[in-house]
Amino acid sequence: MTLSCFDLDERTLSPDEAREALLGLVSGPLPAESVSLGALHGRVLAVALDSPIDVPQNTNAAMDGIALAWTSGEGTSRWHRVGEVLAGRRRETPLGPGECVTITTGAPLPPGADTVIMGEQLNAYGDAVEVERPETVRLGQNVRQAGEDIARGQRALAAGTRLGAAELGLLASLGFAEAAVHRRPRVAIFSTGDEVTAPGEPLPAAGIHDANRFSLAGLLTEHGAEVIDLGILADDRDALVASLDGAARHADLVLTSGGVSAGQADYTRQALESVGRLAFWRIALRPGRPLACGTLGEREVPFIGLPGNPVAAMVTCLQFVAPLLKRLQGRHDLAPRRETALAEVALTGRVGRTDFLRATCRSDAEGRRWVRPTGAQGSGILSSMVAADCLIEIDAARAAVEPGEPVVIQPLFRLT
């Protein structure tokens, strides 16, 4: 049974309970659209694709040399050259006994040929070719069989596959000029607060630069979303209501950070409740804990209000928003990616709460992976996320981790 966002009251939730309930805010993936090959990077397939051809299309030479029928002349050292086959051309005439052709890499083997001998093993005497050390030749060597990569009709890519560089190359090799992918989720994001100042503007004595909107927008983009930046909304109820109403008409998800916890009676919360329906949660994790969720407008567009501290906002976005974006795009790997490493130093957790530590991972000479925190773990220390390449996840059952003990890590996407 799926948990409802609105049936959880204000009890403290585990991260898994919160993730399941948030996934219930959307019923399934967004509609599909046909997109040209050059614009498919990062998109998610809506329909599985089967190969319309054999790849490679022809049995062909894996290197330059001669092609011959080794089965009919095994052990023979001298062959009669009767022509050549270049890449992009075919020879339809079968090879006779003792005959060979010069062939270039990628060229289709002529009928009857089954082996390619590279040029470095050959001595030419006019139309006669001598094979050095024929005893080293293996039947079928240096030949790529038709369909050995993908056979005609074979499943090439499954629905729900996110298309990266390798997948785009595969689509191109199969001749696909376009593909059906789920529409990118449109995510409206905004910041509020009299103290919040846009980067580039003079910083008031009691102000802070608006960091969360940009770090969250980066995470949203990395996870396939189209960001609708609403900027910094003034602490004015009517202005907030108008902005939220507009976002609910055009966005698939509305996201903010700070200013919406249950204990804060501010314009943001009042405006949200006037446009939609909200629930307020406490989640047993650090950094994070306070989170708001709900729906906005007649379309019941999902809303998520993340904590205000910069690291807490990023961690909770990765744990709860990223899975929801995956579902909207038709992906099946909804849970965060988890791997295992060994703790390089002692780590402290707290029973009953899941802790996420910013960390770096390294491999030793034996191939074992070791992980250690990046330093101070305060939820406002954004530089700790810059230094990290993973999160250490200490589950709610562990109070401490000794050096050398295994821990769960979640790799972070890094451009570097």
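Which residue forms a salt bridge with R338? The partner is E393, and the closest N and O atoms are 2.9 Å apart. A salt bridge here is a side-chain nitrogen of Lys or Arg within 4 Å of a carboxyl oxygen of Asp or Glu. R338 lies in the loop between α7 (310-328) and β23 (339-343), and E393 in strand β27 (residues 390-394), so the bridge ties together parts 55 residues apart in sequence. Helices (H or I, at least four residues) and strands (E, at least two) are DSSP runs, numbered from the N terminus. E393 is buried at 14% relative accessible area, whereas R338 is partly exposed at 35%. Buried means under 20% relative accessible area, exposed over 50%, and partly exposed in between (1.4 Å probe, protein chains only).

The model is predicted: local features need pLDDT of at least 70, side-chain atom pairs count only at pLDDT 80 or more, and totals for chains, interfaces and linings use all residues. Residues are numbered from 1 along each chain as its sequence is written, and side-chain values use heavy atoms, with hydrogens and water left out.

By the salt-bridge rule, the count is 22. One of them joins R78 and E130, at 3.6 Å from N to O. R78 sits in strand β6 (residues 78-85) and E130 in strand β10 (residues 128-131), 52 residues apart. R78 is partly exposed at 43%, and E130 is partly exposed at 24%.

E344 and R362 also meet in a salt bridge, at 2.9 Å from N to O. E344 is in the loop between β23 and β24 (347-348), and R362 is in strand β25 (residues 354-363), 18 residues apart. E344 is partly exposed at 24%; R362 is partly exposed at 39%.

A network of salt bridges links D210, R213 and D229.
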